[in-house]
Amino acid sequence: MIEELIRPEIRSFIPYDANQQPYKIKLDANESPFNMPLKARQKLSEFILNNPGLNLYPDTDSVKLRKALSEHWKVDYRNIIVGTGSDQLIQILANVFVGPGDRVLYPAPSFGMYADSCIIAGGTPVKYILQPENRFEYSKQTILEAYDKEKPKLVYICNPNNPTGNLMPRGDVLEVAGYCKDAVVIVDEAYAEFCDDTVIPDTAEYENLIVLKTFSKAYGLAGIRCGYSIAGPGLTNAVNLARAPYNISSLSQYAALLVLEEKTEIAQNISYLVNEREWLSKELTKIQGIDVYNSYANFILVRVDNCREVYKKLCEKGIFVRIFGASPLLENCLRISVGIRQQNTVLLDELNTICYNK
Ligand SMILES: *Cc1c(COP(=O)(O)O)cnc(C)c1O
């Protein structure tokens, strides 16, 4: 009976299946290997011991956090919206703009939430393909042509793209935003700290441009579920229409604020991981049967001979990387999050053993 009550377009959904097995090295979810900075942890524990006010609802507008973010990015705090992860902002964008008959243009292969949120809102997702033969590079032309043909309400660019790691140059992103005047252009910059490229300052000029950011990756706070959007006043007000009250817990707001204060340590962590990414990419290239895609993020996509077998053997050793089930564009691909040197070395040793003994 319940089955028939479910909206038909949702029936075939499969709940997100995060690997929950015991692991030795976890390189499957693009998390940061670094703990929350010690000073931030101390301040958070003082906050909890002293007067956390957890009997009260949190600040529904996350004002302190938004003001700190506004200083960090040099934008008006009123143009920032905080969400329970940037995932929530993706959902809100769909709920505000997408209804039956509306289209959402999004890259493939990329992040699954763009299509899912569109379907849940009742809209029609339309993908533009990043060609494996072209190393998954974005093609501005492909997006503009799809825009003319499909007339979408939302256009997604994931930059750098998850899981392929490639980057669309800022000039091209702005050309897309300038061309797609009747759509909201959403640039998901979840990994942009790892390449130091952003269109955040451009949101002042492009009223249809919105940038999504998260504390989950470069800031090492995946556990607190906190993300934010930056856009002009028109778009920001629109997104706020469907934001639930009190959507960020007080603890998350405060934890994010404290980590934003540890700029030096965060910058060090980022540059460490960028350095490791370059080293790990180079080392992976040396292994027989592995094709390495260039990455601007904190993960590396590889195409591997006998991928399933390699994946299984890594799992047996307690080393988790990401494999992509049903996606034909990502056949034989693994996504490896960059860890600390010791983790990366263990991974390389195991891969070497597996690839030369099959
Ligand atoms: C991880 C990720 C996010 C979401 O992060 P939250 O944890 O929900 O803030 C958004 N977009 C992409 C492309 C991601 O990989």
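Visitor: In which helix is leucine 5 found?

Guide: This is a predicted model, in which local features need pLDDT of at least 70 and side-chain atom pairs count only at pLDDT 80 or more, while totals for chains, interfaces and linings use all residues. Residues are numbered from 1 along each chain as its sequence is written, and side-chain values use heavy atoms, with hydrogens and water left out. With helices taken as DSSP runs (H or I, at least four residues) numbered from the N terminus, leucine 5 belongs to residues 2-5, helix α1.

Visitor: Does leucine 5 count as buried or exposed?

Guide: Buried means under 20% relative accessible area, exposed over 50%, and partly exposed in between, with a 1.4 Å probe and protein chains only. Because its relative accessibility is 62%, leucine 5 counts as exposed.

Visitor: Which helix gives the largest share of the shell around the ligand?

Guide: The residues of this shell divide into five nonpolar, five polar and four charged, where Ala, Val, Leu, Ile, Met, Phe, Trp, Tyr, Cys and Pro count as nonpolar, Asp, Glu, Lys and Arg as charged, and the others, Gly among them, as polar. Three residues, the largest share, come from residues 85-97, helix α5.

Visitor: How many Å lie between an oxygen atom of the ligand and an N or O atom in the side chain of threonine 214?

Guide: A polar contact here is a pair of N or O atoms within 3.5 Å. For a polar backbone atom of aspartate 87, the distance to a ligand oxygen is 3.1 Å. For the side chain of threonine 214, the corresponding value is 2.5 Å.

Notes:
A polar contact is a pair of N or O atoms within 3.5 Å; within protein, one must be able to donate a hydrogen and the other to accept it, and residues adjacent in sequence count only if both atoms are side-chain atoms. Helices (H or I, at least four residues) and strands (E, at least two) are DSSP runs, numbered from the N terminus.
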